[in-house]
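Subject: A structure for you to explore

Hi,

Here is the structure I promised to pass on. Have a look around it first, and then read my notes below.

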Amino acid sequence: MQNTNVLISGASVGGPALGYWLARYGFRVTIVEKAPRLRPGGQAVDFKGDVHMTVLRRMGILDDVRRLQTGGTDQALVDRHGRTLAVMPGEFSGGELEIHHGDLARLLYDRSVEAGCEYVFGDSITSLTETPGGVHATFERSAPRTFDLVIGADGIHSNVRRLAFGPESDYVEFLGHYYALAEVPERFGTDAQMYNEPGRMVAAGGPKASAFFVFASPRLDYDRYDTEAMKRVVLDAYAGMGWRTPEILDAVRRTGDFYLDSISRVKIDRYSQGRVALLGDAAYANTLGGFGSGLALVGAYVLAGELAVADGDHRVAFRRYEEGFREYAKVSEKGNAGPWLAPPSKGRIRMRNWMFKASFTLKLMMKMADDFAEDITLKDYPSLVRDLAG
């Protein structure tokens with residue numbers, strides 16, 4: 001097998017999943033992650049349908065995901081006095097299996113380490129130079145190294161995509177909204193509740209001990225690594241909002257676990273450039289679209305499998321990965337969660353709430369999501385690899 005020395009950027013979902021499969025197939029895998037450690041908490045992520053379950057089962061983590069699942073939580077849509085106007089069912093937002101992002105990341109990390117992956121935390125790639133025999137990578141902290149292949153699984157703000165393909169502005173489309181997530185000590189009640197005013201949404205309560213915000217805004221300029229600066233953006237955006245928003249904002253002021261980002265999507269005409277390929281949100285993100293983790297997990301399975309059956313020939317494998325996966329990933333090119341979660345007018349808020357009361361409409365939306373999740377035929381790569389080896 002050729003090209004067995006692989007560098008993956010990103011230790012969230014796609015990176016460790018890809019690392020696990022590649023290591024199983026005999027590749028030497030190094031995963032570099034800018035954060036100093038695995039990130040705990042985060043948004044809940046969900047999986048649905050036979051395709052997702054098959055990949056989880058083949059990785060050997062389906063039972064663990066079931067054990068750690070949060071269980072979809074019904075969320076009451078309330079008015080400023082806390083009176084319930086409609087209910088968002090847990091199965092609508094939580095899929096078939098819902099799990100905290102941090103718990104999933106830990107499962108994938110453990111499996112990939114057992115398979116033989118090397119992790120480098122607290123570091124980041126600073127340059128990529130392709131040569132006839134590999135890709136020379138330099139890092140913020142580590143010594144330079146040369147790898148056969150480099151995979152960017154480092155999110156919508158992908159560093160690898162920037163270095164190998166071009167600036168983020170060429171590939172990431174801002175969709176007019178921002179979202180924020182804050183881990184707060186207060187639970188704000190045992191029931192999950194969501195409150196809207198035109199262009200703004202805040203949610204809190206229930207078992208997840210977090211506050212969630214979505215708001216319409218022109219593009220903002222802030223430091224994504226400055227927690228206090230990001231908090232100020234949200235505090236300003238939600239000034240004067242009713243319901244329990246002032247209490248929730250007080251909790252936000254005190255927390256150190258806070259994240260803010262735009263609602264955006266990636267639009268790119270190719271997943272690879274020479275010896276570099278993209279995976280997950282780096283290639284097919286649509287923020288809060290509900291498909292990110294499933295796409296990353298299935299994409300990792302397909303990319304690793306194609307590299308294995310091609311004996312590491314990246315030109316063949318990258319082409320087959322794109323041909324076999326782009327149609328499935330098209331769901332990421334559609335929709336914008338911003339106006340759905342934070343409708344722009346009182347009339348749109350009422351219309352959105354009505355859709356949750358209309359069982360036919362709700363079932364239709366859920367069926368469409370299920371159909372998208374199932375729209376790929378998985379190859380049995382482990383069997384194919386065993387056949388090649390034999």
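At roughly what angle do the axes of helix 1 and helix 10 cross? The model is a predicted one, so please keep that in mind as you read. In it, helix 1 (residues 14-24) and helix 10 (residues 292-309) cross at roughly 30 degrees, and their axes come within 8 Å. Angles under 35 degrees count as roughly parallel, and helix 1 and helix 10 are therefore described that way. The crossing of this pair is right-handed. On the helix 1 side, the contact is made by G14, A17, L18, W21 and L22. Helix 10 contributes A296, L297, A300, Y301, L303, A304 and L307. Sorted by class, these are eleven nonpolar residues, one polar residue and no charged ones.

Helix 1 has another partner to look at. Helix 5 (residues 101-115) packs against helix 1 at an angle of about 25 degrees, with the axes 8 Å apart. Helix 1 and helix 5 are therefore roughly parallel to each other too. Which hand does this crossing have, left or right? It is left-handed. Here P16, A17, Y20 and A23 of helix 1 meet L108, Y109, R111, S112 and A115 of helix 5. That contact has seven nonpolar, one polar and one charged residues.

Now for the chain as a whole. Its secondary structure comes to 15 helices and 18 strands. The C-alpha atoms fill a box of roughly 65 × 45 × 35 Å along the principal axes. With 390 residues, a compact globule would have a radius of gyration near 21 Å, and the chain agrees with this at 21 Å. Buried residues make up 56% of the 390. Among contacts between residues at least 6 apart in sequence, 73% join residues at least 24 apart.

Finally, two residues have backbone angles worth a look. Most residues other than glycine have a negative phi. W243, however, has a positive phi near 65 degrees. You will find W243 in the loop between helix 7 (227-237) and helix 8 (245-254). Is W243 buried or exposed? With a relative accessible area of 14%, W243 is buried. L288 also has a positive phi, of about 60 degrees, although it is not a glycine. L288 lies in the loop between helix 9 (281-284) and helix 10. With a relative accessible area of 22%, L288 is partly exposed.

Enjoy exploring!

Best wishes

How values were computed. Residues are numbered from 1 along each chain as its sequence is written. This is a predicted model: local features need pLDDT of at least 70, side-chain atom pairs count only at pLDDT 80 or more; totals for chains, interfaces and linings use all residues. Side-chain values use heavy atoms; hydrogens and water are left out. Axes are lines fitted to C-alpha atoms, for helices over the stretch in contact, and angles run from 0 to 180 degrees between N-to-C directions. Helices (H or I, at least four residues) and strands (E, at least two) are DSSP runs, numbered from the N terminus. Angles under 35 degrees count as roughly parallel, over 145 as roughly antiparallel, 65 to 115 as roughly perpendicular and the rest as oblique. A crossing is left-handed if the near helix is turned anticlockwise from the far one by less than a right angle, and right-handed if clockwise. Contact means heavy atoms within 4.5 Å. Ala, Val, Leu, Ile, Met, Phe, Trp, Tyr, Cys and Pro count as nonpolar, Asp, Glu, Lys and Arg as charged, and the others, Gly among them, as polar. The radius of gyration is taken over C-alpha atoms; the globule rule is 2.2 Å times the number of residues to the power 0.38. Buried means under 20% relative accessible area, exposed over 50%, partly exposed in between (1.4 Å probe, protein chains only).
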